[in-house]
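Keep the sequence and the 3D view open beside you as you go through them.

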Amino acid sequence: MFETLKNAFKVKEIRKKIFITLLLLLVYRIGCYIPVPGLDSGEFSGLFTGEDANNFLTLMSAVTGGALSQGTLFALGIGPYINASIIMQLLAVGIPALERLSKQGEEGKKKIAAYTRILTLILAIVQAIGVIINFANQSGAINAAPFWDQEWLAYIFMAIVYTAGAMLTMWLGERITEYGVGNGISMIIFIGIISTAGQQLIINPIMGAVTGTDVVTGQTFDSIETLVSIIIFCVLAVIIFGLIVTVDLAERRIPVQYAKQVKGRKMYGGQSTVIPIKISGSGVMPLIFAFAIISLPDLIMGLFWPNSSAYDWYSTNISAGTGPWAWAYILVLCLLIFAFSFFYAQIQFNPEDISKSIQQNGGFIPGIRPGKPTADYLKKISNRITLFGAIFLSLVAFIPSLAFSFAGQGFVNVFSTTGILIVVSVALEFDKQLQSKLMMKNYKGFLK
């Protein structure tokens, strides 16, 4: 990757794209620190720390680079756009009109992108209202008195600001995709997670090792012991990231042989190729789906019944993951990860379509008859790989936090489990994008 970056900076066009990407990401990070009038950020951020913190909200705050926990301009971040994109993907599977539209090339993609933007605006409005009402009920984070005579005016103002921030974040992501390097939405999520991890790592463990004092609690401790913990954390981080990269790049290659065909005066085919099936082909989406679904009861009760005994019991015994019913939370989360892994695999990989395409082009899998036997074979392989990927995601949901706990409590929340997968996937995709641009530049030079 470092060699790819070095070669990319030597090419003027690619270097310009990298600088544009960095500039737009800088604009996004500046927006993450712009406060919203009428909001007490201290009270707001208190809802994301401690034993009662919601796991899904903590994940969303990490994705926004801490903007959600501080209640700043980009508090919603890229979340509404991600949700809109997921909904459009699901609707494209169930609604024939959208499915046909997705197969109409660039024009179809433009129309679906327009529908996604409209849905993003609707979801941003709904999420902004939900966030404001939720946190107004749970704490005194909203203080309208210095700015507004009526509290409902403050709510409307903040909803407009948060909606505008979400739409501006979407616009920045699209501009990165168009003029920069890589997928803009993924780059915004990547920079948010990296900045959050950097802040948590520097503010408490590293500054604590230098000063001998916990920056958050003020408690004194041994600097040498903290330095040892930092070293243990770095070693564990390298091992965990290495294992995730290995699994993320792993794939099952199914050989396909194409028969020779004579068309006119030319002969086609007669070559071998492979169908690559990635072990983690669904990426981090099953984890995000699972955390979102399992956090719905917490979010709904926090929105409508924040002071009820049922909400207190659920937060203490289930959603915190540390009470007597924590095993039920873990079991349901694993089942959701498995269910969404197979669901997303069926959306991305259709054995019938692939089998039909191979047969139409005169190809076959050695030892397997074309047609339905090929589809059944591909489905069996896909199910086995998806099962392994689901087990991998279930382990990733819990193992990193347990491993980092050996380095000390200050390191447990530096990297969220989902954040690790996102960081690895985006970094590898960014490297592939740079390599493809370098290859295209070399081809252009050759043609000249």
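**Exercise 1. A pair on one helix**

With which residue does Arg-175 form a salt bridge?

Before you start, note that this is a predicted model, where local features need pLDDT of at least 70, side-chain atom pairs count only at pLDDT 80 or more, and totals for chains, interfaces and linings use all residues. Residues are numbered from 1 along each chain as its sequence is written, and side-chain values use heavy atoms, with hydrogens and water left out.

*Solution.* 
- Step 1: Recall the rule, which asks for a side-chain nitrogen of Lys or Arg within 4 Å of a carboxyl oxygen of Asp or Glu. In general, side chains of opposite charge can pair when their charged atoms come close.
- Step 2: Apply the rule to find that Arg-175 pairs with Glu-178, with 2.9 Å between the closest N and O atoms.
- Step 3: Arg-175 and Glu-178 are three residues apart in helix 9, so about one helical turn separates them. Helices (H or I, at least four residues) and strands (E, at least two) are DSSP runs, numbered from the N terminus. Helix 9 covers residues 151–179.
- Step 4: Check the surroundings. Buried means under 20% relative accessible area, exposed over 50%, and partly exposed in between (1.4 Å probe, protein chains only). Arg-175 is buried, at 17% relative accessible area, while Glu-178 is partly exposed at 45%.
- Step 5: List the contacts, meaning heavy atoms within 4.5 Å. Leaving aside neighbours within four places in sequence, Arg-175 is in contact with Leu-24 and Gly-180.

**Exercise 2. The other salt bridges**

How many salt bridges does the rule give, and which residue pairs with Glu-174?

*Solution.* 
- Step 1: The count comes to four salt bridges.
- Step 2: One of them joins Glu-174 to Arg-117, whose closest N and O atoms are 3.0 Å apart. Because Glu-174 lies in helix 9 and Arg-117 in helix 8 (residues 105–138), the pair ties together parts that are 57 residues apart in sequence.
- Step 3: Glu-174 is buried at 15% relative accessible area, and Arg-117 is partly exposed at 33%.
- Step 4: Glu-251 and Arg-253 also meet through their side chains, at 2.8 Å from N to O. Here Glu-251 is partly exposed at 31%, whereas Arg-253 is exposed at 54%.

**Exercise 3. Drawing the sheet**

What is the strand order of the open sheet of three strands?

*Solution.* 
- Step 1: Start from the general idea that strands of a sheet pair through backbone hydrogen bonds, either parallel or antiparallel. Two strands count as paired if DSSP finds at least two bridges between them.
- Step 2: Write the order as 4-1-5, with antiparallel pairing.
- Step 3: Strand 1 (residues 251–258) and strand 5 are antiparallel and share two bridges; Gln-257 has Phe-364 in strand 5 as its bridge partner.

**Exercise 4. A glycine in a loop**

Where is Gly-77 placed?

*Solution.* 
- Step 1: Gly-77 sits in the loop between helix 5 (67–70) and helix 6 (79–94).
- Step 2: Gly-77 counts as buried, at 1% relative accessibility.
- Step 3: Gly-77 and Thr-169 are 92 residues apart in sequence and 6.2 Å apart in space, C-alpha to C-alpha.
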